[in-house]
Amino acid sequence: MDTKSERKEGGTSASGIPFQVPWFPVRELSGLELFKYKLKQRLRGYTPHWKFLSFKNRTFVKAHPDVRYQEALSMEFIARNTTIPVPRVLDVYTVNGIVHIVQERIPGRVLQVVWDRLSAEEKQSCMLQIKQFFTQLRSIKPPHPEHVQSVDGSGLSDNRVENYIWGPFSSHDEFHKFMHHHVFRAWPDIYPKLREPLAKVQGRKYKSVFCHGDLGPHNIIWNNGKAVFIDWEMAGWFPEYWDYIRTHEARWWYTSWLDMFKEVVDRYDDEWDVELGIKEYIFKI
């Protein structure tokens with residue numbers, strides 16, 4: 001499996017991106033390309049409400065009104081700056097304004113599906129690969145030490161946020177203000193469950209690190225003992241605790257996996273307590 005090699009150079013660089021890719025600026029399909037696309041839709045019985053469609057055995061196409069080209073940029077950014085296994089981005093285009101990301105199809109099974117059938121040695125190997133994943137992500141130097149933003153400096157995606165997009169933010173304080181920390185601190189009698197958690201983290205300074213944003217066994221493909229990390233739609237630059245609490249958020253109930261995860265990563269349990277407290281009072285940010 002080749003998840004990093006044979007990268008092509010060329011095209012125009014994205015704003016805020018220190019590399020070039022052949023598919024940027026993203027083009028709207030027209031002419032013969034659009035005709036071929038529509039023909040494949042009919043032959044494959046494509047349903048416009050699906051988020052994933054595949055036209056060939058070796059490629060995988062992600063397309064939906066919520067898909068953004070920043071996801072493809074994030075995968076390319078990771079491939080160029082780390083050895084983390086990610087799908088190769090082959091092309092990006094739009095049809096009627098809807099972004100389509102063409103990427104290599106990764107063989108294997110979703111880790112969540114096979115986790116309980118793995119041996120103890122395989123589970124340990126998986127966790128060591130996840131540990132290395134975080135080590136490499138944290139080694140990438142942020143372009144702006146305090147900014148919270150996507151890979152190209154634009155806003156971020158999060159399915160918990162109304163309208164799906166938030167930010168960018170010029171500082172961690174601005175980001176925490178958006179998360180309503182100042183409101184919860186100002187009204188401790190109304191939000192008593194957040195009084196102690198917020199007191200513990202008040203004044204803490206964090207590094208900005210590149211985060212996946214939705215890491216968990218649901219976004220890892222397990223293929224012959226190797227982990228490949230997929231679905232980078234929520235990736236970006238965040239305070240260093242972000243991936244820890246988002247992993248808890250995504251799979252808090254999957255304790256057999258989460259307990260091992262916590263043994264191999266830097267823990268931010270106080271920040272997770274803040275997140276839990278927020279969930280007690282609001283569902284949408």
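**Two helix pairs**

Let me begin with a crossing: helix α4 passes helix α9 in a right-handed sense. Please bear in mind throughout that what we are looking at is a predicted model. Helix α4 covers residues 120-139 and helix α9 covers residues 255-264, and their axes come within 9 Å, crossing at roughly 50 degrees, so the two helices are oblique to each other. From α4 the contact draws on Lys123, Gln124, Met127, Ile130, Lys131 and Phe134, while α9 brings Trp257, Met260, Phe261 and Val264. Sorted by class, the residues of this contact of α4 with α9 are seven nonpolar, one polar and two charged.

The second pair is helix α8, residues 242-251, and helix α10, residues 269-281, which pack at an angle of about 50 degrees with their axes 9 Å apart. These two helices are therefore oblique to each other, and α8 passes α10 in a right-handed crossing. On the α8 side the contact is made by Tyr244, Ile245, His248 and Glu249, and on the α10 side by Asp269, Glu271, Trp272, Glu275 and Lys279. Here the classes come out as three nonpolar, one polar and five charged residues.

To set these pairs in the whole, the protein has ten helices and twelve strands, and 50% of its 285 residues count as buried. Of the contacts between residues at least 6 apart in sequence, 70% join residues at least 24 apart. Finally, the protein exposes about 14400 Å², of which carbon and sulfur atoms supply 52%.

Key
Residues numbered from 1 in each chain as written. Predicted model: local features only at pLDDT ≥ 70, side-chain atom pairs only at ≥ 80, totals over all residues. Heavy atoms only, no water. Helix = DSSP H or I, 4+ residues; strand = E, 2+ residues; numbered from the N terminus. Buried < 20%, exposed > 50% of the residue type's maximum accessible area, 1.4 Å probe, protein only. Contact = heavy atoms within 4.5 Å. Areas by Shrake-Rupley, 256 points an atom, 1.4 Å probe, with all protein chains shown as cover. Axes fitted to C-alpha atoms, helices over the stretch in contact; angles between N-to-C directions. Parallel < 35°, antiparallel > 145°, perpendicular 65-115°, else oblique. Left-handed = near helix turned anticlockwise from the far one by under 90°. Nonpolar A, V, L, I, M, F, W, Y, C, P; charged D, E, K, R; others polar.
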